[in-house]
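Biologist: I would like to go through this model term by term and hear the grounds for each label. Please set each value against its criterion.

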Amino acid sequence: MDDSDEFGFSSGDEAAFAIACENSGVQIKRKHTNSGDNDESPAKRQFPRGFPRQSPLAVKILNEKFGLDAFRLEQEAVIARLLDGGSAVVVFPTGGGKSLCYQVPAVAFAELDKQAGIRGPNGGGVTIVVSPLIALMKDQVDALVKRKIKAACMDSTKTRQQYMQINDDLKAGVLQLLYCAPERLNNEGFIQSIKSVRGGVRLVAVDEAHCISEWGHAFRPDYLKVARFVTEIQAERVVCLTATATPKVAQDICDAFSIEKSGLFRTTMYRPNLRLVAEATSTKQEKFPKIFKFLRENLGSTIIYVTLKKQAEALSEDLQRQGFHAKHFHAGMETDIKTKVQDEFMTSNTMIIVATIAFGMGIDKADIRNIIHFDIPSSVEGYSQQIGRAGRDGKPSVCLFYLCQEDFYMRNIFTYGDLPSRHSVRQFLEDVCCPANRQLEAGDSFSVNHYDQSRQHDIRPNALAILYSQLELRFNYIRAGTPRYSNYTYEPIIQHSIKEDESASAMAIKSSTRKASKWHHVDVEAAGNRQGVNRADIVRKLNEWSESGIISLKTSGLQHVYHIVQKLPPTSHELDDIMEKLYTQMLDREQQDLRRTKEVIRLITSKTCISRGLAAYFDDDSHELPTECGHCTWCETRSQVVLPDIPPSPPNHALANKIVQACKVMDDPRFLARIAFGITSPRVTTLKLGKHELFGSMNTCDFMELVRTFAEICGNDSSEYTSAVLAT
Ligand SMILES: Nc1ncnc2c1ncn2[C@@H]1O[C@H](COP(=O)(O)OP(=O)(O)OP(=O)(O)O)[C@@H](O)[C@H]1O
């Protein structure tokens, strides 16, 4: 498996961290000193409060730098507040123009300083944009650079040289905007270099800010660390941006960054040109002819959202056979193919993309005429975000939602697959708090491979990341450090350059390398233990050789590093207590996921205007909203969308017993229920049970009924499972 994901880090990071520390002569735990022109701490250097709603400087920058005439929605009020020293939460619909809310201030800061006479040249500081999608960040950076705005993106695709150049520009106070993924905030080298930016951090912009909320539909554990990062780097102000935030999620964001209510800018989500229609079918198969007919009658750029990658491929082939110009798009495709498909879609006005939710973020196409939901979206927020991509040009567009009972199976597979069993959480905790780690003192570190741990304890990678973030932020036992690779292999390209390099690190590498016919394996730990060098020197040298074309370097085995903050819990009793708290929280999350699906169904099947229902979900009571939109399924037909009621099958005890015998597992009812229901998990994959005839053999049953059945067979107390269901 490729264990560095799109939010990962480049092998240059380790060395860069060492260099960042070296250059500033600091230890990791060094206290921050600001190298800006002004001795005052950045947090104190704020402009007088009063929050004007207009800023002539912002308008000037909008006209001159961005070539636009006037601000939209509440853009100007947000920018004026930020320039005045305040922080803000911005909830604008997709395509509403959130990016300008931080791009204009990023350009304005230096000008404001000049007017106020408080900083010298290149002392304007930097705006950091935390965003989850590399492709999106790159597009924005390219567009800004074209406008002669100094912007860069720190991501895993950068070479070490590019990385060091960005670092130098940062330190010199040359960069106006720096984009990075939230995962980078675990990187100590990065935090160090941000702390020494000339002029300090003027603004942190948090894109897709709903990911911060555990109530949000797209919670990402690394987002929880953004608020801590903002405090640690002493950012002057923050702007959090999202297209989808219920009042509860917006409140969570405000709380996380201590932003007052007056800093919340929310505009109506209502889009009068969108016709929201829905139809129930008896089977999934019935949807196909309906989609073909609809597309023949409703020409134009179309996105069809499906849940699974293979579904995206199959449906686009079906459409092609029907003579449509269709392509599929999902996260599993090669980057250059994805780019090609996306580019084709952008320039065509007939193309149909069949995509998973991986498609759409940052797609700025004005004339998308149809959005079709082939499956149930995971939440009302997701639905709203996806339909929001239609008709940005204001022309009539259709958002069509087909639903049937079978769709629930797919949603349940996702929901029930994410919660690890109690047994798994307990084993995970015992692993983290193993005798060796319990000996560690504050400041010491340990490292683990998440991929191995995920398979060993049968916990999906995202759930594992949540568990670690809880041990970090809620229990304060550990703190994530810069991840590193455990395996370095290289193929020599220019043999004599390696031979002639007699530096201490080169000699250490050469004496710690196991040569094979093509790829040579370097024992980085052993090399780093040699006299006169350390691990960072070794990594740096390998990167240097790689960048000079002397070797071809491959890295693998990503190790997550954790520093001990306080000694790990020594007793079994304490572990039980943490386990209960962690498990209860995860169980809550599962219940929330189930509720989200119900909310989507309620929105579509209620006896009310769908557009109104959508607005109500987001507490949108804007005066622009009509009592009824007049063109949704309810408004047009006055009849409710009704799903055929098909009750789940009762569990089959004989089959259940067969599963227990086949798996030889008696202590994990949830694991057994997953086999019966057809949910894969790391352990299911390792044991190759996904291909077993019993896998998915009870996929028409209620999942929680299955858990209870297996709990009884295994002699476990089934009440914990009952209480979970009653809590819904
Ligand atoms: N005031 C404005 N006048 C004209 N065009 C604007 C204005 N503000 C933004 N735009 C344009 O609107 C488009 C969408 O802007 P942007 O990408 O910032 O939206 P967004 O709210 O971030 O959307 P998403 O949620 O999809 O990321 C861009 O092409 C941008 O240039």
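Modeller: The protein has 30 helices and 19 strands. The model is predicted, and local features are given where pLDDT is at least 70.

Biologist: How do you know that strands β2 and β4 pair?

Modeller: Pairing requires at least two bridges between the strands. Four bridges join β2 (residues 126-130) to β4 (residues 177-180), so by that criterion the two are paired, and they run parallel.

Biologist: What is the order of the strands in the open sheet of seven?

Modeller: The order is β3-β4-β2-β5-β6-β1-β7, with parallel pairing.

Biologist: What makes β3 and β7 edge strands?

Modeller: Each of them, β3 (151-154) and β7 (264-266), pairs on one side only. Neighbouring strands of the sheet are turned by 15 degrees against each other on average, direction ignored.

Biologist: Which strands does helix α4 lie across, and how does α4 run relative to β5?

Modeller: Helix α4 (residues 100-116) lies across β1 (88-91), β2, β4, β5 (201-206) and β6 (238-242). Its angle to β5 is about 170 degrees.

Biologist: What is the arrangement of the open sheet of six strands?

Modeller: Its order is β8-β13-β12-β9-β11-β10, and the pairing is parallel. The edges are β8 (274-280) and β10 (326-329), each pairing on one side only. The twist from one strand to the next averages 15 degrees. Within this sheet, β12 (residues 368-373) and β13 (residues 397-403) run parallel and are joined by four bridges, and N370 stands opposite V398 in β13.

Biologist: Which strands does helix α10 lie across?

Modeller: Helix α10 (residues 287-297) lies across β9 (301-305), β11 (352-355), β12 and β13, at about 170 degrees to β13.

Biologist: Which residues come nearest to the ligand, and how does its shell divide by class?

Modeller: Of the 15 residues around the ligand, R72, T94, G97, K98 and S99 come nearest. The shell divides into five nonpolar, seven polar and three charged residues. Arg and Lys count as charged, so R72 and K98 belong to the charged class.

Biologist: Why is helix α27 called largely enclosed?

Modeller: A residue is buried if 20 or more other C-beta atoms lie within 10 Å of its own. Nine of the nine residues of α27 (residues 669-677) are buried, so the helix is largely enclosed by the rest of the structure. Among them are the charged-class residues R670 and R674. The buried residues of α27 pack against α14 (406-418), α26, α28 (682-686) and α29. Just after α27, G678 takes a positive phi of about 95 degrees.

Biologist: What are the crossing angle and handedness of α26 and α29?

Modeller: The axes of α26 (residues 653-663) and α29 (residues 703-714) come within 10 Å and cross at roughly 65 degrees. The crossing is right-handed. H653, A656, N657 and V660 of α26 make the contact with T709, F710 and I713 of α29. By class, that contact has four nonpolar, three polar and no charged residues.

Biologist: How much of the protein is buried?

Modeller: Of its 728 residues, 43% count as buried.

Definitions and conventions:
Residues numbered from 1 in each chain as written. Predicted model: local features only at pLDDT ≥ 70, side-chain atom pairs only at ≥ 80, totals over all residues. Axes fitted to C-alpha atoms, helices over the stretch in contact; angles between N-to-C directions. Contact = placed C-beta atoms within 7 Å. Near = placed C-beta within 6 Å. Left-handed = near helix turned anticlockwise from the far one by under 90°. Buried ≥ 20, exposed ≤ 12 C-beta atoms within 10 Å, placed from the backbone.
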